[in-house]
Amino acid sequence: MSDRTGVIHDIGYRHYDGPRLGRWAITQALMVSSLRHAYGIGRSGKSKVMPIFLLAVMVVPAAIVVGIENGLQFDKPPVEPVDYIYLLQPVIALYLASQAPQLFSRDLRYRSIVLYLARPPRRTDYALAKLTALVAAQMILICIPLVVLYAGALLAKYNFLQMSRQFVAGLAGALLLSILLAAIGGLIAAATPRRGFAVAAIIAVLIVSFTAATTTMAIVDEKGDMSSTAARYASLVSPFNLTEALQTWFLRNDRDGSWMPTTQQGLVFTAVYVLLVAACVWGVNARYAKVARG
Amino acid sequence: MVATIARLTLATLFGHRRGLLLFILPVVLLALCVLLALTVDDTADFSTALLQQFGLAVILPLVALIAATGAIATEIDDGSIVYLLSKPIKRYTIILTKAGLAIGVIFALGAIPMTLAGIILDPSDLRTALAFGIGALVAGIAYTAIFTAISVISANAVTIGLLYSLLWESVMGQYVDGAKALSVQQWSLALIQKLSDAPHVESAVKLPIAMILLLAVTAVGLTLAITRLRSLVLSTSE
């Protein structure tokens, strides 16, 4: 009984002298089980339907693109990995909206959160484990079609270096997007024990901000080439546009239909991104502090 | 009894900060319109496009979804509907009361803000603004019927409703012409087109067909909800 990091209650039936896994192991286990739950693994068949369906909706178009580009031998791939992400953003938003409440709201509603908070992991560990699981779940959702696209592009014998560069840019964009979306979705889902309401709230925030941003851009940007500063800053409003601009600036990944932020704009975008993520993570943590107080 | 159901439904809709989201949606629409009216010179040029693509396509379905599923799906989801079902109340009284309340919420937080937005963007064209308000209300009634039916049929009402309004109404409705004919948005647009005479408003559906379809969807949705509520099986929570 040297290291009392784990808690195994000795209620008199059988003693335990084996190794005790600490806080980190518990957090890790929570992370893995949350990730499995995000795809309905280890849960009822009904709860597998929605995530698997959305994953299929993400992957099937990529497979079709690969089939077409291998069959017809274009000069360059019809769709770049980064653009593929933003093409299918409604599906990503729907996944977040349907699965974030599964991870966050259920524990609140069935009061199992109390049991977690009574164990060695701190509430910050719990919040971070859930958020990490959500980020990982979204990375899987976004990256599988990207891998399919990359493999297809290599099969079609496009320039290896160029394809790899675009693939890495896609992965980086996916990571930026997953982190921001998980933070926002986690905050909303943790705020309410009602699953249906959390779903609606997440999707409302994402879709309304995106449509507001694109509409404003279309109106303010008179020349249609995103040269107007006001139009560029309008993309700060929407998580999707924010990460897209940030990703373009960060990786100097200038593509058709995208625009390169100036250094000053890039810094502002980075600052807003970091602040948003930090505020949301702090909010999730503060929410659980309130839950823990009862 | 109707008054009691209505009062309790209002409490679930607006209690505990939940109403906040319902208010935020129209506030975003109006704020965007005010911002544009203050900064851009000729807002009248794009007023119908903005009302249609942001108001009618995004804000209104979301308000309808939250109002309709909030009125009934949350109660089925947390199981408290059994207290209502165990009382000798006609099932259609329950559904119609809740649907009527949802429509009232859509009127106040969807249709009126839409009219206001139209007036803000183009103060000279009151007729178009009113047409959009009426169109929004009509679309809201159809959406309420659809979402109420989904709420009673499935436990994942909100997600399925979103799939319908996001993938079907916006994506399919944009790219597949056949899907346009089966979209609440296009039906209400046909009515708006008739009422407003604005040059940029165009619907893919003719007005008589649109009205028939709207009525049919509303009737079928509500009937389906009532019959399904008669034999509701409360699923065990996952």
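**Reading helices and their contacts**

Mentor: Let's start with α11(A), whose buried residues are F269(A), Y273(A), C280(A), V284(A), R287(A) and Y288(A). Keep in mind that this is a predicted model.

Trainee: Okay. What covers the buried residues of α11(A)?

Mentor: Look around the helix. The cover includes α6 (123-155), α7 (160-191) and α10 (239-250) of chain A.

Trainee: How do I read the spacing of residues along a helix?

Mentor: The general idea is that an α-helix has 3.6 residues a turn, so residues three or four places apart point the same way. Now try that on the buried set of α11(A), which includes F269(A) and Y273(A), and also C280(A) and V284(A).

Trainee: And how many residues does helix α11 of chain A have, and how far does it reach?

Mentor: Helix α11 (residues 263-293) of chain A has 31 residues and spans 45 Å from first C-alpha to last, close to the 45 Å expected at 1.5 Å a residue.

Trainee: Now for pairs of helices. At what angle do α4(A) and α7(A) cross?

Mentor: Their axes come within 8 Å and cross at roughly 55°. α4(A) and α7(A) are therefore oblique to each other. The crossing itself is right-handed.

Trainee: Which residues make that contact?

Mentor: From α4(A) you get L96(A), A100(A), P101(A), L103(A), F104(A) and S105(A), and from α7(A) come L181(A), G185(A), G186(A), A189(A) and A190(A). Sort the contact of α4(A) with α7(A) by class and you find eight nonpolar, three polar and no charged residues.

Trainee: Let's hop to chain B. How are α6(B) and α9(B) oriented to each other?

Mentor: Start with the angle. Helix α6 (residues 126-153) and helix α9 (residues 184-196) of chain B have axes that come within 8 Å and cross at roughly 150°. Angles over 145 degrees count as roughly antiparallel, so that's how α6(B) and α9(B) lie to each other. This crossing is right-handed.

Trainee: What sort of residues meet there, by class?

Mentor: The contact of α6(B) with α9(B) has twelve nonpolar, five polar and one charged residues. Among those on α6(B) are R127(B), F132(B) and Y143(B), while the α9(B) side includes V184(B), L189(B) and S196(B).

Trainee: Last one: how many residues does each chain put into the contact between chains A and B?

Mentor: Chain A gives 25 residues and chain B gives 31 residues. On chain A's side, α2 (45-72), α4 (89-109) and α8 (195-220) each supply at least two. α8(A) gives the most, with 15 residues. By class, that side of chain A has 14 nonpolar, seven polar and four charged residues.

Notes: Residues are numbered from 1 along each chain as its sequence is written. Chains are lettered from A and ligands numbered from 1 in the order in which they are written. This is a predicted model: local features need pLDDT of at least 70, side-chain atom pairs count only at pLDDT 80 or more; totals for chains, interfaces and linings use all residues. Two residues are in contact if their C-beta atoms, placed from the backbone, lie within 7 Å. Helices (H or I, at least four residues) and strands (E, at least two) are DSSP runs, numbered from the N terminus. Ala, Val, Leu, Ile, Met, Phe, Trp, Tyr, Cys and Pro count as nonpolar, Asp, Glu, Lys and Arg as charged, and the others, Gly among them, as polar. Axes are lines fitted to C-alpha atoms, for helices over the stretch in contact, and angles run from 0 to 180 degrees between N-to-C directions. Angles under 35 degrees count as roughly parallel, over 145 as roughly antiparallel, 65 to 115 as roughly perpendicular and the rest as oblique. A crossing is left-handed if the near helix is turned anticlockwise from the far one by less than a right angle, and right-handed if clockwise. The expected span of a helix is 1.5 Å times one less than its number of residues. A residue is buried if 20 or more other C-beta atoms lie within 10 Å of its own, exposed if 12 or fewer, and partly exposed in between; C-beta atoms are placed from the backbone.
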